[in-house]
Structures are given as C-alpha cells and as structure tokens.
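Thank you all for coming.

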Amino acid sequence: RITFYDLTDYELGVFWGMGSYVQESNTVTFRETRKHFIEVMKRITKNDFYEQNGSKGKTQYVLKSCLFDVDSFIENGWTERNSKIRDIPYLEDYKDFLRGYIEMHSGLNYSLRYSRSKKGKWKALIFRIYGNYKLIDSINNILHEEVGVGIKTPQKTMNETTKILNYAS
C-alpha cells in the first residue's frame with residue numbers, strides 16, 4: 001500500500017490538487033486535462049491511465065488506483081478535492097507541495113488596469129491561485145511568511161467554497 005509518507009512533497013501537492021476517493025471500491029481517482037500530472041501519479045502507482053471527453057469537449061486523462069492507504073492521507077488532513085472544508089497537510093517545508101498544487105490550480109493572464117494619475121490604461125500581468133477558502137488562507141499565510149509577499153484578501157468566486165488569490169505586483 002502507498003501511504004502519505006511514501007510520496008514526495010511535490011507528489012503530495014499533486015495528490016491534494018486532483019485526488020478523489022470512492023469508498024465503495026477503495027479507489028483513488030485522478031482526473032486532469034494536462035497529462036503531466038497524471039503521469040506523476042502513474043510513476044507512483046504503475047497503473048495505466050485512459051482518455052475521456054471532459055467538459056467543453058476537452059480531453060481528460062483519468063487514472064484510478066486502489067493501491068493508496070487513504071486513511072494515512074486522511075490522518076494527515078487530506079479531504080477530497082470538492083470538500084466544503086479542506087486544508088494543506090502539516091509539512092516541514094511547503095516549497096515543493098505548493099509547487100505541485102499551484103502548478104495545477106493557478107493561471108497567469110493579463111488584466112486591464114486604469115490609473116487616474118497616469119490618465120490611461122495598461123495591461124497588467126496577474127497571477128491567480130484558486131482553491132478552497134481554508135486552503136487558500138493557508139497558502140496566503142505561507143507565501144507571506146516564507147516569501148515575504150503581503151497578505152492578500154482572497155477574492156470570491158461564484159460558489160461559497162472557492163476563493164482566488166491575485167498577485168499583480
């Protein structure tokens with residue numbers, strides 16, 4: 001059985017980012033449109049993955065495994081991806097965990113900004129991190145303490161559990 005302690009911090013970040021569990025079949029399922037993250041889990045489980053049509057006609061890669069000792073993950077704070085409340089595990093160092101999670105749940109794009117003093121508009125690069133409100137709060141605090149960025153006010157989304165951290169400076 002593969003336990004929480006068998007995974008690297010990066011692999012834990014990926015597990016946290018896309019893992020779901022079906023108790024009846026004791027199966028952990030990973031779904032993602034980017035093959036890289038599925039291949040990370042494939043290296044751990046040695047299981048094959050398959051393709052299916054996901055939402056909006058995008059190809060989605062799926063890997064299922066009954067090799068995980070899910071109790072060891074739950075004991076370390078894991079809850080399913082769509083849980084109302086979820087947080088990050090306690091780790092000595094969060095760099096690789098956050099790299100795995102943020103690679104999956106972030107975006108980089110432009111936003112128009114307006115300035116009264118400059119009397120005009122310009123494009124600003126915005127980095128966004130998405131996740132459950134509790135998880136986002138923890139990431140916000142870790143980035144503040146470890147990287148020295150200011151505490152951000154998480155932005156609301158259309159649902160009550162997901163929040164967004166925006167970094168524009």
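Tyr-10, Glu-11, Val-14, Phe-15 and Met-18 of helix H1 are in contact with His-36, Phe-37, Ile-38, Val-40, Met-41 and Ile-44 of helix H2, where contact means heavy atoms within 4.5 Å. By class, the residues of this contact are nine nonpolar, one polar and one charged, with Ala, Val, Leu, Ile, Met, Phe, Trp, Tyr, Cys and Pro counted as nonpolar, Asp, Glu, Lys and Arg as charged, and the others, Gly among them, as polar. This is a predicted model, in which local features need pLDDT of at least 70 and side-chain atom pairs count only at pLDDT 80 or more, while totals for chains, interfaces and linings use all residues. Residues are numbered from 1 along each chain as its sequence is written, and side-chain values use heavy atoms, with hydrogens and water left out.

H1 and H2 (residues 35-45) pack at an angle of about 115 degrees, with their axes 10 Å apart; the axes are lines fitted to C-alpha atoms, for helices over the stretch in contact, and angles run from 0 to 180 degrees between N-to-C directions. Helices (H or I, at least four residues) and strands (E, at least two) are DSSP runs, numbered from the N terminus.

H1 (residues 9-18) also packs against helix H4 (residues 95-104), at an angle of about 35 degrees and with the axes 6 Å apart. The residues of that contact divide into eight nonpolar, three polar and four charged.

Let me move to the sheet. Its four strands are open and antiparallel in the order S1-S2-S4-S3, where two strands pair if DSSP finds at least two bridges between them. Strands S1 (19-22) and S3 (49-53) stand at the edges with a single partner strand each, so one side of each lacks a neighbour in the sheet. H1 lies across S1 and S2, at about 85 degrees to S2, whereas H2 lies across S2, S3 and S4, at about 15 degrees to S4.

Finally, the charged pairs: the structure holds five salt bridges, each a side-chain nitrogen of Lys or Arg within 4 Å of a carboxyl oxygen of Asp or Glu. Asp-87 pairs with Lys-134 in this way, the closest N and O atoms being 3.8 Å apart. Because Asp-87 lies in the loop between H3 and H4 and Lys-134 in helix H5, the pair ties together parts that are 47 residues apart in sequence.
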